[in-house]
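The structure is shown first, and the notes follow by topic.

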Amino acid sequence: MKETSCLTDLLLKGSPSVISENIALLPLAKYHRLLQNIPIEAWQNGDIRIKVTTEKKRTTFELLRFSTELARVVTYFKKFALHVICLKGPVIGQKIYGSIGLRTFKDLDLLVEETRLSEATTLLQQLGYILDPSSEYDTQRANHLVFIHKHTHHMIELHWRLHPNILHEPTFSELWSRHEVVTIAGVDVPCLETEELFVYLISHGAKHAWFRLRWLYDIHLFLEQPLDFDRIKTRLAKRGCLHMMGQALLLRKELFAGAIPEEFLDLTENRRSQQMAMMARWIIEEQNDPGKDKQTLAEFSYWKHYHWLIRDDEKRREFVWHHLLPNQHDVATLRLPQRLSFLYGLLRPVTWSIRRFKQRKAGTKR
């Protein structure tokens, strides 16, 4: 992981000696969304330094603008007494980085109670947001709907649960009963309690195999703050994700030279955590994210193996069952008369193969 290690050295030390002409690290910093956090002086090439300076200013402005939009949405929801929790984005910037402008985000993740999802959808539409046509309310597979503003193109993911059915999680009422607030653009924005946010970031990063280092950097900075480790460990155990914490600590130690807290040392000795860390390291190094162009069947299978590994037995049974059920993509791929819709389950391998072929063909054309 030579290039990745050079990037983390640049991030942590701002060391100009990492690579004298560190042009090769620029696309890597952008991919991992860490450009905001690397000191300007760390870039040795003069042209690159100017380019990075300009980009960081533009990004900071956009993050502040989007944060103002968050304040507008939260204020509007409060007007109708609809509780909403901001999960990541500017909340993490304020709580962990000390500044909204230092933690990039491309969308806002908002959590509402599932029984009020329809109301929240209506309110977002009144604010100018349009539901993404590819987004579907699916209680079995999905956990959010995607909305895009028709003028600003800001994106909001409206969640009714934290995860797409990969682990056990608390109810909205439980989360709301102990929520905290951060002030953004003069508005008190509800967010997860500190330890709950940490647990959520662990499970979110593990779900994605930490393929963007920014998620792991969040954890690295979080662990440098005062935390109630006993409370965190209790909640990790309750959610069934102690192995995810072990994985995160192993990756943090390797990539950010972060010390493993004694309270969590036993988690890193878990064989499952070690296997997950090994798989994540390969995914990070190969930049094998789920949206990768021309993803090979081997890479696709690797992800499926990883997603199987992170689930417990109960969630694994659900994982298999959900893969046997047809979805809207199958319907869009192969139109069948209503009377023959029962065949979609049997035809899933066919519709999946057609989609894979089209995706690879489109990737080749690009």
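Helices (H or I, at least four residues) and strands (E, at least two) are DSSP runs, numbered from the N terminus. The model is predicted: local features need pLDDT of at least 70, side-chain atom pairs count only at pLDDT 80 or more, and totals for chains, interfaces and linings use all residues. Residues are numbered from 1 along each chain as its sequence is written, and side-chain values use heavy atoms, with hydrogens and water left out.

**Cavities**

- On a 1 Å grid over the protein atoms alone, a cavity is a set of points where a 1.4 Å probe fits but cannot get out, and lining residues have an atom within 4 Å of a point.
- Grid points are joined across faces, edges and corners, and a volume is the space filled by probe spheres set on the points.
- The structure contains 2 cavities of 30 Å³ or more.
- The largest cavity holds about 50 Å³ of space, and its lining includes Leu162, His163, Glu169, Tyr200, Arg239 and Cys241.
- Helix H7 (residues 194-207) contributes the most to the lining of the largest cavity, with 4 residues.
- That lining has 6 nonpolar, 2 polar and 3 charged residues, where Ala, Val, Leu, Ile, Met, Phe, Trp, Tyr, Cys and Pro count as nonpolar, Asp, Glu, Lys and Arg as charged, and the others, Gly among them, as polar.
- The second largest cavity, with about 30 Å³ of space, is lined by Arg103, Leu201, His204, Gly205, Trp215 and Asp218.
- H7 and helix H8 (213-222) are the elements that give two or more residues to the lining of the second largest cavity, and H7 has the largest share, 3 residues.

**Aromatic contacts**

- Rings of Phe, Tyr and Trp (its six-membered ring) pair if their centres lie within 6.5 Å; planes under 30 degrees apart count as stacked, over 60 as edge-to-face and the rest as tilted.
- The whole structure has 11 aromatic pairs.
- Phe66 and Phe105 form a tilted pair, 5.6 Å centre to centre with 35 degrees between the planes.
- Phe66 is in helix H3 (residues 46-79) and Phe105 in the loop between helix H4 (90-97) and strand S2 (108-111), 39 residues apart.
- Phe66 is buried at 3% relative accessible area (buried means under 20%, exposed over 50%, partly exposed in between, with a 1.4 Å probe and protein chains only), and Phe105 is buried at 10%.
- Phe198 and Phe222 form an edge-to-face pair, 5.3 Å centre to centre with 85 degrees between the planes.
- This pair links helix H7 and helix H8, 24 residues apart.
- Phe211, Trp215, Trp303 and Tyr306 form one aromatic cluster.

How values were computed
1 Å grid on protein atoms, 1.4 Å probe; cavity = no way out; pocket = protein on both sides within 12 Å on 5 of 7 lines; lining within 4 Å.
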